Amino acid sequence: MISYRWRPELDAEELAQVTALIGAAAEYDAEAGFSTIDARVPAERSCGGVRIAHLPIRARRDLSVHPDAPWVTVAYLNLRVDPEGEGAVQFVVHPDYRSRGVVTLLVEELGLDVAAPDGWCGTGARMLRAWAYGTHPATERLAARFGIAAVDRQWTLVRHLSGPWSLPLKEFDAGIAIPASESADEWASVAEFEPVVLSRPCDATSASGSTRVIAVGDSAGPAGLVRFEVCTVPYGEFRGGWIRIAAVASRARGRGLGSALLTRALEEMRDAGAQVALIRADPVDERTVRVLRLLSFEQEETHTLFGIGAT
């Protein structure tokens, strides 16, 4: 038996419990390199046409059937609904309660009706999208059981920067001087560019000040940038650094600018202590995959975007 109720915002006690759950899951999943929910997400509120809904899921400790067993928070669902009705779902289960039917029971009770007049569960969501990171047979079985379609995929690619599996970084001359990085605080978007490589935008944001950006331009305007982390995170037995975005304007393609920007970022990440560099990319984008392969990146994991409702 589980208990839940949608909240526009969490009260102090709920927030503390959900934050602790996210922390426990992040620590448990660190070795596998799985993404986690940003610890700031449970404190978010609806704003600017984007509706935020929180769903803490509780059960009796150890899923006990005894009525005197205390209630504990065993899972948390965050829903972000944009003005067009697309709902982005983030969901995490406490490590002690995984593979015990919590997710299946929740889906059975909530249902997946996005065609209701007020959207899914009254949230206004008329379509649902949720990323599953890594290959999880249980996730595939759940999707098949409830008719949830796979609508997109991404790869995580890894490049060793130090140790016995690392290769030297080559220099690329793109005809533009590549400067050192600067703080990314002022780079909220990459609207000037047509993305060539784009990591999952809902990845947990790094600690303040650890995100760096290298941007270059020419006489026609912005030409390319790479945004990356100098703060490392556990990735298996290594310390990993994420490349969040690499983008090159269409007119500047074909001259090695993307490779030159990525190489400079890899150098800075290595010097900051990263043993491996990580990036997420669309496997269908042959140009991106080719560039990353030439830079000695290897495909490590496959991630699936599951969806309900119009594509």
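User: Is Tyr-133 buried or exposed?
Analyst: This is a predicted model, where local features need pLDDT of at least 70, side-chain atom pairs need 80 or more, and totals for chains, interfaces and linings use all residues. Residues are numbered from 1 along each chain as its sequence is written, and side-chain values use heavy atoms, without hydrogens and water. Relative accessible area under 20% means buried, over 50% exposed, and in between partly exposed (1.4 Å probe, protein chains only). The value for Tyr-133 is 12%, so this residue is buried.

User: How many aromatic pairs does the structure hold?
Analyst: Rings of Phe, Tyr and Trp (its six-membered ring) pair if their centres lie within 6.5 Å. By that rule the number of aromatic pairs is 3.

User: Are the rings of Trp-131 and Tyr-133 stacked or edge-to-face?
Analyst: Planes under 30 degrees apart count as stacked, over 60 as edge-to-face and the rest as tilted. The ring centres of Trp-131 and Tyr-133 are 6.2 Å apart and their planes stand at 20°, so this pair is stacked.

User: How are the rings of Trp-165 and Phe-238 arranged, stacked or edge-to-face?
Analyst: Their centres are 6.3 Å apart. The planes stand at 90°, so the arrangement is edge-to-face.

User: How far apart in sequence are the parts that Trp-165 and Phe-238 tie together?
Analyst: Helices (H or I, at least four residues) and strands (E, at least two) are DSSP runs, numbered from the N terminus. Trp-165 lies in the loop between strand 6 (149-160) and strand 7 (182-183). Phe-238 belongs to strand 12 (residues 238-248), so the separation is 73 residues.

User: Which residues of helix 3 make the contact with helix 2?
Analyst: The axes of helix 2 (residues 102-110) and helix 3 (residues 137-146) come within 11 Å. In the contact (heavy atoms within 4.5 Å), helix 2 supplies Val-103, Thr-104, Val-107 and Glu-108. From helix 3 come Leu-142, Arg-145 and Phe-146.

User: What is the phi of Ser-99?
Analyst: Most residues other than glycine have a negative phi. Ser-99, in the loop between strand 4 (86-93) and helix 2, is exposed at 82% relative accessible area. Although Ser-99 is not a glycine, its phi is positive, at about 60°.

Methods. Axes are lines fitted to C-alpha atoms, for helices over the stretch in contact, and angles run from 0 to 180 degrees between N-to-C directions.
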